[in-house]
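Okay, thanks for coming, everyone. Let me put the model up on the screen, and then I'll walk you through the parts I'd like to talk about.

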Amino acid sequence: EGNKMESRGALVVLEGLDRSGKSSQCSRLVSFLEGQGISAELWRFPDRTTNVGQMISAYLSNTSQLDDHTIHLLFSANRWEKRSLMETKLKTGKTLIVDRYSYSGVAFSSAKGLDIEWCKAPEIGLLAPDMVVYLDISPEKAAERGGYGGERYEKLEFQKKVADCYSVLHDVSWKVVDGCQPMEDVEKQLQEIVLDCVTECRKGKLLATLWS
Ligand code: 2DT
Ligand code: MG
């Protein structure tokens with residue numbers, strides 16, 4: 001058989017407002033994939049376990065104050081510090097389901113008024129997702145779900161600005177799933193599109209870098 005190419009995993013990113021259901025759907029998705037015999041892992045950004053991640057966490061919980069540009073670069077650094085591990089995992093066949101990525105980085109910082117191109121620049125060269133799924137819910141509906149914690153950004157007025165910034169970033173390749181549907185329906189739709197994506201990657205779709 002000799003020449004069979006190792007098949008790689010898929011890099012799948014879920015984006016959306018706070019309380020859009022990303023985190024629950026990400027873990028359900030990983031369980032589903034594993035049940036299908038597809039090796040998968042749940043990742044999230046910010047990854048609060050690293051040193052940089054702890055600075056981010058302190059900022060989000062309002063125990064530290066940082067300039068908007070500074071925190072933006074820390075969020076980006078938090079992705080850069082995981083980049084090589086991410087690449088290794090994908091190349092060894094692991095599918096990664098990622099709860100937030102560079103799109104959150106750009107949407108949340110530009111919602112504070114930072115220039116969008118400036119926000120995108122430090123993300124250049126990170127691995128590009130094979131698929132971005134946007135869990136679509138209006139800021140009002142999301143707020144009605146309750147459970148906003150006390151973290152910075154978890155306020156309706158700010159979430160409205162984030163929604164606008166996501167819509168600027170949005171491109172035709174994104175899969176939009178209506179996040180207001182019953183959880184099981186969202187889950188089914190995600191399973192379908194993610195399985196397709198995993199198949200494409202197995203067939204040899206090349207790994208790209210941002211912003212492509
Ligand atoms: P969680 O509630 O998902 O832990 O996110 N954020 C996230 C940014 O401002 N920039 C980023 O690059 C990322 C990944 C979104 C915590 C908050 O951090 C915001 C919500
Ligand atoms: Mg949150």
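Now the housekeeping. This is a predicted model, so local features need pLDDT of at least 70 and side-chain atom pairs count only at pLDDT 80 or more, while totals for chains, interfaces and linings use all residues. Residues are numbered from 1 along each chain as its sequence is written, and chains are lettered from A and ligands numbered from 1 in the order in which they are written.

Two packed helices are described by the angle between their axes and the distance between the axes. The axes here are lines fitted to C-alpha atoms, for helices over the stretch in contact, and angles run from 0 to 180 degrees between N-to-C directions. Under 35 degrees is called roughly parallel, over 145 roughly antiparallel, 65 to 115 roughly perpendicular, and the rest oblique.

Let's start with helix H1, residues 22-35, against helix H9, residues 183-202: the angle is about 55° and the axes are 10 Å apart. So H1 and H9 are oblique to each other, and H1 passes H9 in a right-handed crossing. From H1 the contact takes Ser-24, Gln-25, Arg-28, Leu-29 and Phe-32, and from H9 it takes Met-183, Val-186, Glu-187, Leu-190, Gln-191 and Val-194. Contact means C-beta atoms, placed from the backbone, within 7 Å. By class that's six nonpolar, three polar and two charged residues. For the classes, Ala, Val, Leu, Ile, Met, Phe, Trp, Tyr, Cys and Pro are nonpolar, Asp, Glu, Lys and Arg are charged, and the others, Gly among them, are polar.

Next, helix H2 (51-60) on helix H3 (68-80), at about 140° with axes 9 Å apart. That pair is therefore oblique as well, but here H2 passes H3 in a left-handed crossing. H2 brings Val-52, Gly-53, Met-55, Ile-56 and Tyr-59, and H3 brings Ile-71, Leu-74, Phe-75, Ala-77 and Asn-78. That contact has eight nonpolar, two polar and no charged residues.

H3 also packs on H5, at about 175° with axes 10 Å apart, so these two are roughly antiparallel. Asp-68, His-72, Phe-75, Ser-76 and Arg-79 of H3 meet Ser-102, Gly-105 and Ser-109 of H5.

Four bridges join E4 (131-136) to E5, and Val-133 stands opposite Lys-175 in E5.

So, which residues are around ligand 1? They're Phe-45, Pro-46, Leu-60, Phe-75, Arg-100, Ser-104, Gly-105, Phe-108 and Tyr-153, where near means a C-beta atom, placed from the backbone, within 6 Å. H5 (102-111) gives the most, with three residues, and the shell splits into six nonpolar, two polar and one charged.

The Phe-45 to Pro-46 peptide bond is cis, with omega near 0°, and Pro-46 is in the loop between E2 and H2. Arg-100 has a positive phi, near 75°, in a residue other than glycine, and is in the loop between E3 (95-99) and H5.

Last one, in the segment after H9, where we find Trp-211: a cis peptide bond joins Leu-210 to Trp-211, with omega about -5°. That's my tour, thanks.

Definitions and conventions:
A crossing is left-handed if the near helix is turned anticlockwise from the far one by less than a right angle, and right-handed if clockwise. Two residues are in contact if their C-beta atoms, placed from the backbone, lie within 7 Å. Two strands pair if DSSP finds at least two bridges between them.
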